[in-house]
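Please look through the structure below with its strands, helices and aromatic rings in mind.

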Amino acid sequence: MKSWIHKDGFVRLFSKRTFLMSILLTMFASSSFALERKVFCVWDPVGRSGPVMAFYSDLIPKAQAWGLSIRFIAYTDEKVAANEFKAGKCEAVLLSAILSRQFVKFGGTMDAIGAISSQKGLEMVLKTLARPRAGKLMTQGPFEVVATFPVGSMYAFVNNRSINSIEDFAGRRISVLNNDPQALKFAKLAGASPVGTTLSTFAPMFNNGNIDILLMPALAYNTFELYHGLGERGGIIDYRLYYGMLQTIARKSEFPADFGHKMRNYIFTRLRAIDRLVKDAEKEIPSKYWINVDQFTKDDIDHFSKRVRLALKKDDVNHPTALKLLWKIRCRLDRSRGECTRPE
C-alpha cells in the first residue's frame, strides 16, 4: 500500500508539472503569436551575409521586447529595395541617404557634404536625433526615418595621386552613383565630368580606368576591390568630405507611435560598434594609398563644400532646418569657425 501511495503521489506530481508546463508553453506561444510581424527590406551590397545584415541582426531580440517580430529581406540593389517598399512588400526599408531623401528630405540631408565635421559632431547629431521631439523632424507625410547610422567618412579615391585638391578635379571623370544630386552638383561646381554609375558598375568602371574619382567610405576598399583601380599611381585623399549615412525608413502607420524614438536610441547605443567597424576598415588600407594634404587644401575643401550645400539648399534638395541644425552643432564645438557669424 505504501508503495502504491508513493507511486500515485509521483503520478500526481508528474501530472501537475505537465499541466504547469503546458500552461507556460501556451503562454509563450500566445505571446509569440501576439508579436506584430514586420518585414524590413534591407540593402546590403554583399547580400544576406553582408555587414549591414550582420549589424542589424541584433535588432531582432530588441524588437521582440517592443512587441515586434522582425524579418529581414536582403537586397544587393537598393533601387529594388526602395521599389519593394513603395509597393508595400515591406513595412520598412534600409537605404543610403541618396535614395532615402525621396521619402524624408530632412533625414536625407544628414550626409550633406561638410555638414558634420568631426566624430564628436557626429555623436551630437545622433544624440539630438534620439530625443523624442526629433520625431517630427524625421517625419514627412506617411514616412519616418527611424534610424540613421554612418558607414564612415567619405573620401575621394583617385586613380592618380596628382589629383589632390578641388582644383585638380576639373576635367576629371567623377562617379555619380544612382543620380545622386550632391555628386552631380559637386562635379558641376568643380568642373569635373559626371559619369552615371550604379552599385554594380562603379567599381568595375573605376578599376578599369573609366572613372578618375570615386567618393566612397573605407569599407568599400576591400568590399569592391578598389585596390585594382588605385594600382600603383592612385590614392585616397586623407580628408573627410562627409559621413556616408544609411537610413531606415518606416511607414509610420505600421508601427507603434514610439517605435521611431526607440529605434533612434537603439542606433545611438550601437555607435561604438559602428565606429570599430569603420576604424578596422580604414586600418586595412595600406598606408601608401593615403594622400596627406595641407591645411590650405583642407580649408579650400571646406569652402567648396559649403558652396555645394547652399546650392543644393537653393535647389530644394537639402532641407534648410537640417542644415541649420548641423551648422549649430559645428559652431557649438568650434566657435572660431568663420562660418559661425552667419547661419546657413
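Which residue does Ser175 stand opposite in strand 7? Ser175 stands opposite Val195. The model is a predicted one, in which local features need pLDDT of at least 70 and side-chain atom pairs count only at pLDDT 80 or more, while totals for chains, interfaces and linings use all residues. Residues are numbered from 1 along each chain as its sequence is written, and side-chain values use heavy atoms, with hydrogens and water left out.

Strand 6 (residues 173–177) and strand 7 (residues 193–197) run parallel and are joined by 5 bridges, where pairing of two strands requires that DSSP finds at least two bridges between them. Helices (H or I, at least four residues) and strands (E, at least two) are DSSP runs, numbered from the N terminus. Together with helix 9 (residues 181–190), these two strands make a right-handed β-α-β unit; right-handed here means that, with the strands pointing away from the viewer, the path from the first strand over the helix to the second runs clockwise. Strand 6 is largely enclosed by the rest of the structure, because 4 of its 5 residues are buried, that is, under 20% relative accessible area, as against exposed at over 50% and partly exposed in between (1.4 Å probe, protein chains only).

Turning to the aromatic rings, a search of the whole structure finds 17 aromatic pairs. Rings of Phe, Tyr and Trp (its six-membered ring) pair if their centres lie within 6.5 Å, and planes under 30 degrees apart count as stacked, over 60 as edge-to-face and the rest as tilted. One of the pairs is formed by Phe55 and Phe149, which is tilted, at 5.1 Å centre to centre and 40 degrees between the planes. Because Phe55 lies in helix 2 (residues 51–56) and Phe149 in strand 5 (residues 143–158), this pair ties together parts that are 94 residues apart in sequence. Phe55 is buried, with a relative accessible area of 7%, and Phe149 is buried at 4% relative accessibility.

The rings of Phe103 and Phe143 have their centres 5.1 Å apart and their planes at 70 degrees, so this pair is edge-to-face. Phe103 lies in the loop between helix 5 (97–100) and helix 6 (105–108), and Phe143 in strand 5, so that the pair links distant parts of the chain, 40 residues apart.

One aromatic cluster includes Phe55, Phe149 and Phe255, and the charged end of Lys38 sits over the ring of Phe255, 5.5 Å from its centre; this term requires NZ of Lys or CZ of Arg within 6 Å of the ring centre and within 35 degrees of the ring normal.
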